[in-house]
Amino acid sequence: KDLDPDTLFAILIRIGVRNYSYEIFQEQVPHALFAASACHSLSKHLEREDAMLAMVQAAVYLAHDAHLHEAHDVAPDLGIEAETPESLGERLLAAIADGELARADGALELLRQLPGTDTALPDYLFRAASLDHRNLGHKLIMATLLFQAVGKLGGEIAFGLLRPAVHYAASGVDKETSERISAWVEEVDLEDRTLFAHKRELTMQETLKLAEDILYGEHRRAVNHVLRNDCSLSSFLDALAVAASEWVRQDFAHPVVAIHRFTYAHAVRVALSYMDRFALWPLLNAVELLREDWKGEEFAPMELSVQFTGPKEVAGWAARQDAEPTAAHVHKFAYAFLAEDRQIQAELKPFLHRAYFALRDRVPDSSSVREAFEEAAV
């Protein structure tokens, strides 16, 4: 009764990073670790009891998932000579690409300590997590959620919080994908300062056309054209969100597979909100991930009956669902959905809303944790 959601989150995230240091990579993704951050964000929309329930869901799943992973001591290599944030960032990228954990840890810690790295750290961390989109984009999803946890808890523990993301990014890079994205970045041929300076907002119809081209049109040609023609990053991200919503709405893939597309699209928006460079890497990975294995139909006309009741209802639905059966994907989707709903163009929100209701219809209720929680609270 003395705990509050913020305190419980601080405890859980510290436990999680100790469990998931990932000195030895295993195929099981550390869902419970970054799900705790998503659950904490959901708790902000809820009254205390339901907010605590959301955090208890994260705690139960953290305990369930902990045995899947094994941590071993790796001493960070702090003997790196680097004079600038950029040289440290390049060392971090190289160490992650080579799977050299001690060098990656050392570059992360020195980059965190070096003056003037407020933007260099997220630039290189998120680019490293965007070398590919292996394992359904979990590298970037994990990195953004843990980076947000740093913002919640303070920079003094940034090394401990971000280290699992670095180790997971270093678990193996799909060289074919990385080389393909690198070649596409060169093909687009846009400097970061130009891309970030673009201000033109796409109309609703232009946004929908881009989303459709990403899913089943000439996606590379369409993306190159839009990016070169003064399209704002916010509009491009809106198109990614609409395309990802169609993955969730259309019933041709397992819900978890569809949710990954949605949460990855949101992770790209989060990453770009912190980055000054390398924006094309997460953007183009998102386009490729959304296009991969797409088997849906053309967009259906928007039903006027779609009614969204608000964030409290969405967060409450997620808080009442057991995290373990779905690997907390319901909670991560709800977090990403609410964040996208705050940022996407108003006329595009119904595309998100109908995806949310379609997912609710497909995910069976699971309430054993809630029932135990309510019984213990009496």
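This is a predicted model: local features need pLDDT of at least 70, side-chain atom pairs count only at pLDDT 80 or more; totals for chains, interfaces and linings use all residues.
Leaving aside neighbours within four places in sequence, which residues is Met52 in contact with?

**Stop 1: Met52**

Met52 belongs to helix 3 (residues 48-65). Show what surrounds Met52 and you will find Leu3, Asp4, Pro5, Leu8 and Phe373 in contact with it, once neighbours within four places in sequence are set aside. Met52 has a relative accessibility of 10%, and because buried means under 20%, Met52 counts as buried.

**Stop 2: helix 6**

Next, pick out helix 6, residues 120-128. This helix is mostly covered, with nine of its nine residues buried. Click along it and you pass Ala120, Leu121, Pro122, Asp123, Tyr124, Leu125, Phe126, Arg127 and Ala128, each of them buried. To see what does the covering, bring up helix 4 (85-98), helix 5 (101-113), helix 7, helix 8 (158-169), helix 14 and helix 15, which are included in the cover over the buried residues.

**Stop 3: helix 8**

From there, move on to helix 8. Its 12 residues reach 16 Å from the first C-alpha to the last, close to the 16 Å expected at 1.5 Å a residue. Of those 12 residues, 11 are buried, so helix 8 is largely enclosed by the rest of the structure. Among the buried ones are Phe159, Leu162, Arg163, His167 and Tyr168. Helix 1 (5-19), helix 2 (31-43), helix 4, helix 5, helix 6 and helix 7 are included in what covers them.

**Stop 4**

Select Leu136, which is found in helix 7. Its phi is near 60°, a positive value in a residue other than glycine. With 28% relative accessibility, Leu136 counts as partly exposed.

Then turn to Lys152 and Phe9. The charged end of Lys152 sits over the ring of Phe9, at 5.0 Å from the ring centre.

**Stop 5: aromatic pairs**

How many aromatic pairs does the count come to? The count is 13. Display Phe147 and Tyr274 for one of them: this pair is edge-to-face, with 4.7 Å centre to centre and 70° between the planes. The pair links distant parts of the chain, with Phe147 in helix 7 (residues 134-153) and Tyr274 in helix 14, 127 residues apart.

For a stacked pair, go to Phe333 and Phe337, whose ring centres are 5.9 Å apart with the planes at 25°. Why are they separated by about one helical turn? They are four residues apart in helix 17, which gives that spacing. An α-helix has 3.6 residues a turn, so residues three or four places apart point the same way. Phe333 and Phe337 are both buried.

Arg261 lies over the face of Trp247, 4.1 Å from the ring centre.

**Stop 6**

Tyr356 takes you into helix 18, where it is buried along with Phe351, Leu352, His353, Arg354, Ala355, Ala358 and Leu359. Their cover includes helix 11 (204-216), helix 13 (233-249), helix 14 (255-274), helix 16 (311-319) and helix 17 (329-343). The 14 residues of helix 18 (residues 349-362) should span 20 Å at 1.5 Å a residue, and the end C-alpha atoms are 20 Å apart, which agrees.

Now select Ala328, in the loop between helix 16 and helix 17. The phi of Ala328 is near 65°, again a positive value in a residue other than glycine. At 1% relative accessibility, Ala328 counts as buried.

**Stop 7: a helix crossing**

Finish with helix 9 (residues 175-188) and helix 15 (residues 280-291), which pack at about 115° with their axes 10 Å apart. Their crossing is right-handed. On the helix 9 side, the contact includes Thr177, Arg180, Ile181 and Trp184, and on the helix 15 side it includes Leu280, Trp281, Leu284 and Glu288.

Methods:
Residues are numbered from 1 along each chain as its sequence is written. Side-chain values use heavy atoms; hydrogens and water are left out. Helices (H or I, at least four residues) and strands (E, at least two) are DSSP runs, numbered from the N terminus. The expected span of a helix is 1.5 Å times one less than its number of residues. Buried means under 20% relative accessible area, exposed over 50%, partly exposed in between (1.4 Å probe, protein chains only). Contact means heavy atoms within 4.5 Å. Rings of Phe, Tyr and Trp (its six-membered ring) pair if their centres lie within 6.5 Å; planes under 30 degrees apart count as stacked, over 60 as edge-to-face and the rest as tilted. A charge sits over a ring if NZ of Lys or CZ of Arg is within 6 Å of the ring centre and within 35 degrees of the ring normal. Axes are lines fitted to C-alpha atoms, for helices over the stretch in contact, and angles run from 0 to 180 degrees between N-to-C directions. A crossing is left-handed if the near helix is turned anticlockwise from the far one by less than a right angle, and right-handed if clockwise.
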